[in-house]
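Subject: Handover of a structure and its findings

Dear colleague,

Please find below the structure that I am handing over to you.

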Amino acid sequence: MTSKPQVNISALQVKNLRERTGAGFQACRDALVEAAGNEEQAISVLRKKGQAAAQKKAQRATLEGLVGCYIHAGGKIGVLAEINCESDFVARTDDFKKLCHDVAMHIAALDPRFLRREEVTPEILDRERDIYREQARATGKPDAVIEKIVTGKMEKFYEENCLYEQHFIKDESVTIKELIDQAIARLGENIAVRRFSRFKVGEIEGASRSLEDAAADAAPTT
């Protein structure tokens, strides 16, 4: 039986991996050893471990947390994002606070429409599929190819519009879900974005009402 060759991992390698992933020293060193010193493979190892940790903790209640905030463009864009964890202790850590700030900043930059893909309504999905199908059909491609094109475009739709599917603005090699999974692995608690709101000066939402309408509703009837 042959033993695996000894892999020498330098402190600089660990430092570089920590800067890229935010994972702890020992986790980075172990990942580099497992990947035989290959940094890209070590990142994959950390992602898989983060995903596994997240799956194990996914059913645990998250009743604590923080409301992260971010203001951008001279006060023209603002975001509030509620991110939950299991304990007040973790909520008070610098690591968790940084996660809340980073997620709020990301929302300000990329303006997701939904939190997860499961929240996209059937009506919106049907409309998008119809648009993509007609676009593909106009190219004259056969139906089997058209459906593959539609499936690919729907995945792109999720990636562009759902927060958890979007690639992190500060590191496009990871999605927001993977960023959260990494935090779960580091902090040892289930973590989830519960809700968020993005405000832009002058932007009017379709469901918004004017101050005059609100005042009229609140006025006493005679």
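Predicted model: local features only at pLDDT ≥ 70, side-chain atom pairs only at ≥ 80, totals over all residues.

Helix α7 covers residues 143-161. At 1.5 Å a residue, its 19 residues should span 27 Å, and the C-alpha atoms at its ends lie 26 Å apart, which agrees. Which residues of α7 are buried? They are I146, V150, M154, F157, Y158 and N161. These residues take up an arc of only 115° around the axis, so they sit on the same side of α7. An α-helix has 3.6 residues a turn, so residues three or four places apart point the same way. On the other side of α7, A144 and K148 are exposed. The cover over the buried residues of α7 includes α6, residues 122-137.

Helix α6 can be described in the same terms. Its 16 residues should span 22 Å at 1.5 Å a residue, and the distance between its end C-alpha atoms is 22 Å, which agrees. The buried residues here are I124, L125, E128, Y132, R133 and A136. Viewed down the axis of α6, they fall within an arc of 160°, so they line one face of the helix. The buried residues of α6 pack against α7, and α6 is in turn part of what covers the buried residues of α7.

Y164 belongs to the loop between α7 and α8. Its relative accessible area is 11%, and because buried means under 20%, Y164 counts as buried. What does the side chain of Y164 make a polar contact with? The partner is the side chain of R116, at 3.2 Å. Y164 and R116 are 48 residues apart in sequence, yet their C-alpha atoms are 5.6 Å apart in space. With neighbours within four places in sequence left aside, Y164 is in contact with L115, R116, T175, I176, K177, I180, A192 and V193.

S87 is placed in the loop between β2 (77-85) and α4 (88-91). Is S87 buried or exposed? Its relative accessibility is 19%, so S87 counts as buried; the cut-off for buried is under 20%. The side chains of S87 and E189 are joined by a polar contact of 2.5 Å. If residues up to four places away in sequence are not counted, S87 touches E64 and E189.

Loop residues with positive phi

A36 has a positive phi of about 55°, although it is not a glycine. A36 lies in the loop between α2 (25-34) and α3 (39-57), and at 57% relative accessibility A36 counts as exposed.

D111 is not a glycine either, and it has a positive phi of about 50°. D111 is found in the loop between α5 (94-110) and α6. With a relative accessibility of 37%, D111 counts as partly exposed.

Pocket and cavity

The largest pocket has a volume of about 290 Å³. Its lining consists of 15 residues, and those nearest its centre are T21, K98, D102, F168 and L179. Which helices each supply at least two residues of this lining? They are α1 (11-21), α5 and α8 (176-187). Of the elements in the lining, α5 gives the most, with 4 residues.

The largest cavity has a volume of about 40 Å³. Its lining is formed by R20, T21, I43, R47, D171, S173, V174 and Q182. Both α1 and α3 supply at least two residues each to the lining of the largest cavity.

Yours sincerely,

A colleague

Conventions:
Residues numbered from 1 in each chain as written. Heavy atoms only, no water. Expected span 1.5 Å × (residues − 1). Buried < 20%, exposed > 50% of the residue type's maximum accessible area, 1.4 Å probe, protein only. Arc of directions from axis to C-beta. Contact = heavy atoms within 4.5 Å. Polar contact = N/O pair within 3.5 Å; in protein donor to acceptor, adjacent residues only side chain to side chain. 1 Å grid on protein atoms, 1.4 Å probe; cavity = no way out; pocket = protein on both sides within 12 Å on 5 of 7 lines; lining within 4 Å. Points joined across faces, edges and corners; volume = space filled by probe spheres on them.
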